[in-house]
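Subject: Handover of a structure

Dear colleague,

Please find below the structure that I am handing over to you. My notes on it follow directly after.

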Amino acid sequence: MSALTLSLKETPRQRVDLSPLTPDFLKGKTHAQISAIELVCGNRRLRVGELFDVSGNDASSLIINNSCCKLDRIGQAMSIGSITIHGDAGAYLAYAMKKGAITLHGNAGAYAASGMISGLLRIHGNADDFLAAAIPGERHGMNGGRVIVTGNAGDRTGDHMRRGQVLIEGNCGDFCASRMIAGTIAVLGTAARGAGFGMRRGTLLLNSMPAELPATFNDCGAHHLNYLTLLIKSWHSLDTKFALLEPHSSVRRYMGDVANSGTGEILVWQ
Amino acid sequence: MVINGVTIDDTFAEAFGMKATRVVITAYNLKWAYHAANAATGFATSVIACGCEAGIERKLEPEDTPDGRPGAAILLFAVSGKELAKQLERRIGQCVLTSPTSAAFAGISEGERLPLGKNLRYFGDGFQSSKLIGGKRLWRVPVMDGEFLCEETTGMVKAVGGGNFLILAESQSQALAAGEAAIEAMRKVPNVIMPFPGGVVRSGSKVGSKYKTLMASTNDAFCPTIRGITRSELSEEVHAVLEIVIDGLTEADVRSAMQAGIAAVCGLGVKNGIRRVTAGNYGGKLGQFNFQLRQIMS
C-alpha cells in the first residue's frame, strides 16, 4: 500500500479548513469518497477533489504535497497515523492533536500545536507567532506531546502553555513562555525581549541569556539540576540538535515571574 | 541426599505471599547512595515487628540508573499493600530525602502504583515542581544541597517472603563461614533480598511460646545449648545453626537464590564442618509456597 497523497492543484484564494483530512477520518474511504469531502473555504464550501489530486490508499500515512500557508488546521484532533506536509502550513497546525506524528517540510502559521495533547510535531522550517500558545478564549495552549522546530519561532511562543515540550533549534521571538502554566520550552538560539513574562510555572531552557529579562525574575545562582540529565537523555533518541546536548551541564537559574506566583524558571546553560 | 558430605534433609521451606516494590536510589557517588540505601532498609529484618522486610538488592552502575549516577536498588516486602505504602513513604522520606545528593526512582514499572514522591513533594512547601519526562512524573523538591528528585510513584507486585534454609555445622565459626559463603553466592541472584543482618539470622523461631503474649519464640529444637532438655533436632556433632531467610519477587527467584545458597554451603562440605542443611516450615498448612530442598538441589 502506498501513502494516501493529496497534491494541491493550485493555491486557493481564501483560507481552507483542512481539519476533516486526518488519518482517523480518511481511514477506509475510497478516492471518490475522499474527493467528495466538503472543506470550508472562506464563505463557501469546496470539495477535496476540486483542490487536490488524490492518489495512494494508505490513509494512516497521509502526505500533502504542494501545501501552502492558506491550508489551516492540518491534523486537527488526529489520533492515529502520520501526516507529512511538503510546503508551508497555515494556522492551527496540529491543533488539539491527540496522537501520531506530523512532519512539516516548510513553515508553519500561527498557533501551531495549540491545544495539542500528545504526539510529535516536527517543523523543518520556521514557526509563526503563538507556537504552542492558547487561542483566544481558551485557557490552555499546548497540553502535552512534543514539538521540534528546526528553524525559528515567532513571538509569544508557549503563551498559556500547560504541558509538553517545545524544542526550538533556532531563535524565538518576544515574550517566549509568556503566561506559561507548565511544561518545557528549550531554545538553542537566542530569545528576544520579555522572555517568561507572567510565567507561573514551567521551564524555559536557553542556550544564552535572553536579550532582556523581566525585572520580575530573580537570580537563584548556578546549579547542576539532576532532572536535566533525565530530560536531555529523553531527547537522545530524537533526530534533533537537542540530542547532542551534554547531560551533565550546569545552568544559571532565574525564577519568576514573581508578579504571578513566581515558580517558573528560566535556565541558561553555563 | 548427600552433597559433598552434607546431608540435605527431605523437607521444605514454607513461604508466604507478600507485596513488594523496588526503589532505585542514586547519589553523587556510591558511598552516599549506600548511606541512603542502608538507612532506608535499616530495621527491616522481619514483618513481625519492623513493618516490612527490606534490603539492598544490588549495586547499580551509572549506566544502569535513570540519572546516570551510581546507585543501589532496594527491595521492600510487606504483608499488605497498605503497610508497604506506609513503610515506603516513611523510609524514603526519612532516609533518602534526608541523605545528601540522593534521588529516588521507581524500580518496578508494572503493577499497582504506590506513592513515592507523590506525598513527599509537600516537604517543598509550595516551592516543589514537577516534570513529566518520558511519561513519568518526577518531583523536584528544593533542599539545602540542591534538589531532591523523586519519581511520583513506583510499582507494587505480588511477591514471596520467607523462603529459608538452615545450616547445621560443627562449630559457630564454621556455621558463620558457610552463611557468608551462601550470602555471597545469593547476592548474585536478582530480585531477592536476605533481610537479616549480613543476610544471616541466628534466632530462628517457632510459632507460639509458653508466654501467652508472645506469638513466636526461640526454635529450641535447633538450639545446641539446650539439646539435653528439649526435643532436639541436632545430632551430637552439631554445635551451631544459622538460618538464611529469602524474600523474592517470584517463586522462581526464591528457588534460584536457595539453590545458589545451598550449593555454596555444600561447596564447603563436611571437611569444613558442615553437616546438614534443613529448612523451616509449619507443616505446609500456613504458607502458599513450599520449597522442597531435595527438589531444588536435584
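**What was found**

Helix α4 of chain A, residues 226-235, is mostly covered, with eight of its 10 residues buried. Please bear in mind throughout that this is a predicted model. The buried positions of α4(A) are A:Asn226, A:Tyr227, A:Leu228, A:Thr229, A:Leu230, A:Leu231, A:Ile232 and A:Trp235. What do these buried residues of α4(A) pack against? In chain A they pack against β16 (251-256), and in chain B against β6 (103-106), β8 (129-133), β9 (136-143) and β10 (146-151).

The contact between the two chains may be described next. Chain A brings 12 residues to the contact and chain B brings 15. On the side of chain B that touches chain A, the strands β8, β9 and β10 each supply at least two residues. The largest share of that side comes from β8(B), with four residues.

Strand β3 (residues 38-41) of chain A and strand β4 (residues 44-47) of chain A are paired in the antiparallel sense, over four bridges. A:Glu38 has A:Arg47 in β4(A) as its bridge partner.

Turning to chain B, the fold contains six helices and 17 strands. Chain B is as compact as a globular protein of its length, because its radius of gyration of 21 Å is close to the 19 Å that the globule rule gives for 298 residues. Along the principal axes, the C-alpha atoms of chain B fill a box of roughly 65 × 45 × 30 Å. Of its 298 residues, 47% count as buried. Among contacts in chain B between residues at least 6 apart in sequence, 74% join residues at least 24 apart.

The largest nonpolar core has 175 residues, and B:Ile25, B:Ile167 and B:Val265 are those with the most contacts inside it. Leaving aside neighbours within four places in sequence, B:Ile167 is in contact with B:Val265 and also with B:Ala175, B:Ala178, B:Gly179, B:Val241, B:Leu242, B:Ile274 and B:Val277.

Helix α3 of chain B spans residues 81-96, and its buried residues are B:Leu84, B:Ala85, B:Gln87, B:Leu88, B:Arg91, B:Ile92, B:Cys95 and B:Val96. These buried residues of α3(B) pack against several elements of chain B, namely β3 (12-26), α1, β5 (71-78), β6, β7 (112-115) and β11 (153-169).

One residue of α1(B) deserves a separate note. B:Trp32 lies in helix α1 (residues 30-40) of chain B. Is B:Trp32 buried or partly exposed? B:Trp32 is partly exposed, because 19 other C-beta atoms lie within 10 Å, whereas a buried residue has 20 or more. Apart from its neighbours within four places in sequence, B:Trp32 is in contact with B:Ala27, B:Ser99, B:Pro100, B:Thr101 and B:Ser102. B:Arg137 is 105 residues from B:Trp32 in sequence, and the two are 24 Å apart in space, C-alpha to C-alpha.

With kind regards

Key:
Residues numbered from 1 in each chain as written. Chains lettered and ligands numbered in written order. Predicted model: local features only at pLDDT ≥ 70, side-chain atom pairs only at ≥ 80, totals over all residues. Buried ≥ 20, exposed ≤ 12 C-beta atoms within 10 Å, placed from the backbone. Contact = placed C-beta atoms within 7 Å. Rg over C-alpha atoms; globule rule 2.2 N^0.38 Å. Core = buried A, V, L, I, M, F, W, Y, C linked by C-beta atoms within 7 Å. Pairing = 2+ DSSP bridges.
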